[in-house]
Amino acid sequence: MILNIDIGGLLAGLGVGGVIVTLAAQDTAKNIFGGIVIFLDRTFNVGDWIETPNYEGVVEGITFRTTRIRNFENSVVNIPNATMADTAIINWSKMEKRRYKIRLPFSFEITSEQMNMLTERIRTMLENNPETINDDILINFDTISTSGLSMLIDIFVKTTNYDDFIKMKNNVILTLKDIKETSLIRK
């Protein structure tokens, strides 16, 4: 005992305090390192639409400690950079083209001639669509079930903007409906 202070208690207190400071510094160091990794890898930037296993939204900010994402429910999520640096991230803003898959159902009453005519008319429509990437057009009847046949249309389109993609899908669906209706009229 020195100056009426219990040295053992003081040392024990400093030891516990040191452990607490060390653990806090460890998390801070992980987050700073994660922030550096994000900046150097350029995995995503402010304004990018990203998706992690737990979150999806637009990046609003990146600091050395956290990444701030505004999700599509319009709330903000702050994710520690240590977590961001150690998780799988899909950066939707970096896609070069967008995939669009459609399934069209048909009854068993469709004839082989109608199936071939539909396939060709749809292929021509898609090849003439300026938004479609022509090398990536797949159109086939590929499923048979108790309710009928199913045609798979699997294409890629040039637009990556979500609003433009939705508008393009609407136009394709309306055109497909017209092609289907006019191709299946009984003569």
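**Salt bridges and sheets in a predicted model**

Glu181 and Lys177 lie four residues apart in helix H4 (residues 162–183), and because of this spacing they are separated by about one helical turn. Helices (H or I, at least four residues) and strands (E, at least two) are taken here as DSSP runs, numbered from the N terminus. The two residues form a salt bridge in which the closest N and O atoms are 2.3 Å apart, a salt bridge being a side-chain nitrogen of Lys or Arg within 4 Å of a carboxyl oxygen of Asp or Glu. Glu181 is partly exposed, with a relative accessible area of 43%, and Lys177 is likewise partly exposed, at 46%; in these terms buried means under 20% relative accessible area, exposed over 50%, and partly exposed in between (1.4 Å probe, protein chains only).

The structure is a predicted model, in which local features need pLDDT of at least 70 and side-chain atom pairs count only at pLDDT 80 or more, whereas totals for chains, interfaces and linings use all residues. Residues are numbered from 1 along each chain as its sequence is written, and side-chain values use heavy atoms, with hydrogens and water left out.

The protein contains four helices and eight strands, and from the N terminus on its elements follow the order α-β-β-β-β-α-β-β-α-β-β-α. Of its 187 residues, 30% count as buried. The protein exposes about 12,200 Å², of which carbon and sulfur atoms supply 57%; accessible areas come from the Shrake-Rupley method with a 1.4 Å probe, and for residues only the protein chains shown count as cover. Among the contacts (heavy atoms within 4.5 Å) in the protein with a separation of 6 or more, 59% are accounted for by residues 24 or more positions apart.

Two strands are said to pair if DSSP finds at least two bridges between them. Strand E1 (residues 49–51) is joined to E5 by two bridges, and these strands run antiparallel; within E5, Ile90 stands opposite Glu51.

A further open sheet consists of three strands in the order E6-E8-E7, again with antiparallel pairing. Nine bridges join E6 to strand E8 (residues 148–157), and the two run antiparallel. The bridge partner of Ile102 in E8 is Ile153. Helix H3 (residues 112–127) packs on the sheet and touches E6, E7 and E8, its direction making about 15° with that of E8. H4 also packs on the sheet, where it touches E6 and E8, and its direction makes about 25° with that of E6.

Strand E8 is largely enclosed by the rest of the structure, because nine of its 10 residues are buried. Phe106 stands opposite Leu149 in E8. On the side of E7, seven bridges connect E7 to E8 in an antiparallel arrangement, and Thr143 stands opposite Ser150 in E8. E7 and E8 form a hairpin with two residues between them.

A search of the whole structure finds six salt bridges. One of them joins Asp142 to Arg103, with the closest N and O atoms 2.8 Å apart. This pair links distant parts of the chain, since Asp142 lies in strand E7 (residues 138–145) and Arg103 in strand E6 (residues 98–106), 39 residues apart. Asp142 is partly exposed, with a relative accessible area of 38%, and Arg103, at 46% relative accessibility, also counts as partly exposed.

Another salt bridge forms between Glu60 and Arg68, where the closest N and O atoms are 3.8 Å apart. Glu60 is partly exposed, with a relative accessible area of 32%, and Arg68 counts as partly exposed at 31%. Glu60, Arg68 and Arg70 are linked in a network of salt bridges.

Conventions
Axes are lines fitted to C-alpha atoms, for helices over the stretch in contact, and angles run from 0 to 180 degrees between N-to-C directions.
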